Amino acid sequence: MQRPLSCIPTKRTEEWWLQRHDQKMTEKAAAETTDNNKSFDLIFIGDSIVHAWELEGEDAWHTHFSHLTTLNLGYAGDRTEHALWRIENGEIDNIAASYVVLLIGTNNAGHRHDKPNEIADGIKRIIGTITKKIPHCKIILTALFPRSRNKHKRMRIAVDETNEIIRTLANNQSIIWFDINPYFLDDTGVLHESVMPDLLHPNALQYEVWAKELIKFMSPFSV
């Protein structure tokens with residue numbers, strides 16, 4: 001049976017993407033270690049929503065994560081196969097980490113209209129690669145953020161169905177399920193532009209919510 005495109009490591013060709021990969025390889029190399037000491041407290045892997053910790057989320061990042069050793073491996077527009085190529089080609093080689101936050105897959109639903117099970121397969125393969133390369137980390141598997149105005153829209157259905165599949169990948173030990181989607185929605189499940197202006201990307205206030213909830217979530221483990 002042929003693997004879905006979401007599971008086939010794929011290198012993008014845009015100049016900015018290649019430059020960012022080189023930049024992240026340099027950042028990572030500065031913290032490489034050959035012993036058992038951790039290199040990073042917290043690594044993020046994802047798409048534009050993760051990338052934007054450096055934009056809309058910059059203040060929240062400095063407020064809540066400045067005491068940690070961090071690495072942001074978010075790339076705007078990435079699908080699962082692009083993140084997979086990156087982590088199979090050096091971005092998490094020869095390092096240790098306490099936590100890896102994984103949020104990826106919404107572009108598979110949006111760009112190519114992948115089926116939820118195909119998106120989940122790509123995420124599963126990414127988890128397997130992280131586990132192989134950073135065996136002692138805890139993976140914080142983050143629910144795909146809601147998109148589109150309400151639960152009846154095609155894109156919302158796609159991410160909701162994907163979340164129902166990938167949450168079963170968590171074992172509450174090395175892979176921990178993290179879902180803050182209720183914070184983004186009103187009581188009827190509607191997503192508003194005051195939260196995500198394009199009904200996809202969080203505004204700065206939501207990065208503050210994300211950061212606070214993530215720190216709280218990790219606190220029992222004493223990062």
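Mentor: Helices (H or I, at least four residues) and strands (E, at least two) are DSSP runs, numbered from the N terminus. The model is predicted, so local features need pLDDT of at least 70 and side-chain atom pairs pLDDT 80 or more, while totals for chains, interfaces and linings use all residues. Residues are numbered from 1 along each chain as its sequence is written, and side-chain values use heavy atoms, without hydrogens and water.

Trainee: Is Lys151 buried or exposed?

Mentor: Lys151 lies in the loop between β4 (138–142) and α7 (154–166). Buried means under 20% relative accessible area, exposed over 50%, and partly exposed in between (1.4 Å probe, protein chains only). Lys151 has 53% relative accessibility, so the residue counts as exposed.

Trainee: What separates the C-alpha atoms of Lys151 and Gln173?

Mentor: Along the chain, Lys151 and Gln173 are 22 residues apart. Between their C-alpha atoms the separation is 31 Å.

Trainee: What is the relative accessible area of Gln19?

Mentor: Gln19 has its place in helix α1 (residues 15–29). Its C-alpha atom is 32 Å from that of Ile176, 157 residues away along the chain. Gln19 is partly exposed because its relative accessible area is 46%.

Trainee: Which ring does the charged end of Arg20 sit over?

Mentor: A charge sits over a ring if NZ of Lys or CZ of Arg is within 6 Å of the ring centre and within 35 degrees of the ring normal. The charged end of Arg20 is 5.2 Å from the centre of such a ring, that of Tyr75.

Trainee: How many aromatic pairs are there in the whole structure?

Mentor: Rings of Phe, Tyr and Trp (its six-membered ring) pair if their centres lie within 6.5 Å. A search of the whole structure gives 15.

Trainee: Of what kind is the pair of Trp53 and Trp210?

Mentor: Trp53 lies in the loop between α2 (48–51) and α3 (58–65) and Trp210 in helix α8 (residues 204–218), so the pair ties together parts 157 residues apart in sequence. Both residues, Trp53 and Trp210, are buried, and both belong to a cluster linked by ring pairs that also includes Phe44 and Trp61. Planes under 30 degrees apart count as stacked, over 60 as edge-to-face and the rest as tilted. With ring centres 4.8 Å apart and planes at 40°, the pair of Trp53 and Trp210 is therefore tilted.

Trainee: How far apart are the end C-alpha atoms of helix α6?

Mentor: Helix α6 (residues 116–133) has buried residues, among them Ile119, Ile123 and Ile127. The expected span of a helix is 1.5 Å times one less than its number of residues. The 18 residues of α6 should therefore span 26 Å, which agrees with the distance between its end C-alpha atoms, 26 Å.
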